[in-house]
Amino acid sequence: MDYQLVRATQEDAEFLLALRLQTMNEHLEAAGLYLTAAEHKARVAHQYEHSYLIYFDGVCVGLLKYEDQPASVYVMQFQLLPAHQGKGYGRAILADVIKRAGEKPVRLTVLKQNPAKRLYYSMGFELVGEDEHEYHLQLTP
């Protein structure tokens, strides 16, 4: 499955905010987290330099925000537009992130109410911790 990652520019910020609201708000509210518009914008802006738009066949389908750190690869945000979920895009992208990580572990967090956790577990991620709202997962090669 061919895809392209394109570094997000400031012109993409409104799209990324809308994407976040479409993909995360339901899960955040299920967790009892009711964020203001300013809080959502701050989350989009946090480490924006690591944000990449995901394109399949020339169509933007979501966001991958990750950082290749010295000891691990940390996936900060991974969001696909609802119309593009369940088509294997997430699995393909995550498999590529894992492959690129080489011998480094891949880390991420997922809201406990977010069904995306099934994808992560099916790909070999394991629970390494949790807090009130999120599971902390890691895939160790």
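In the predicted model, ring pairs link Tyr3, Phe56 and Tyr89 into a cluster. A search of the whole structure identifies four aromatic pairs. The rings of Phe56 and Tyr89 are stacked, because their centres lie 3.9 Å apart and their planes meet at 15°. Phe56 belongs to strand E2 (residues 51–56) and Tyr89 to helix H3 (residues 89–101), so this pair ties together parts that are 33 residues apart in sequence. Both Phe56 and Tyr89 are buried.

Strand E2 also pairs with strand E3 in the antiparallel sense, over six bridges. Within this pairing, Val59 of E3 is the bridge partner of Phe56. The two strands form a hairpin with two residues between them, and Asp57 in the turn has a positive phi of about 50°. Strand E3 (residues 59–68) is largely enclosed by the rest of the structure, because seven of its ten residues are buried.

On E3, a further pairing involves strand E4 (residues 73–80), which runs antiparallel to E3 and is joined to it by seven bridges. Leu63 has Gln79 in E4 as its bridge partner. A hairpin is formed by E3 and E4, with four residues between them.

Phe15 is located in helix H1 (residues 13–30). With a relative accessibility of 28%, Phe15 counts as partly exposed. Residues up to four places away in sequence aside, Phe15 touches Leu53, Cys60 and Leu81. The C-alpha atoms of Phe15 and Gly62 are separated by 9.4 Å, although these residues are 47 residues apart along the chain.

Methods. Residues are numbered from 1 along each chain as its sequence is written. This is a predicted model: local features need pLDDT of at least 70, side-chain atom pairs count only at pLDDT 80 or more; totals for chains, interfaces and linings use all residues. Side-chain values use heavy atoms; hydrogens and water are left out. Buried means under 20% relative accessible area, exposed over 50%, partly exposed in between (1.4 Å probe, protein chains only). Contact means heavy atoms within 4.5 Å. Rings of Phe, Tyr and Trp (its six-membered ring) pair if their centres lie within 6.5 Å; planes under 30 degrees apart count as stacked, over 60 as edge-to-face and the rest as tilted. Two strands pair if DSSP finds at least two bridges between them.
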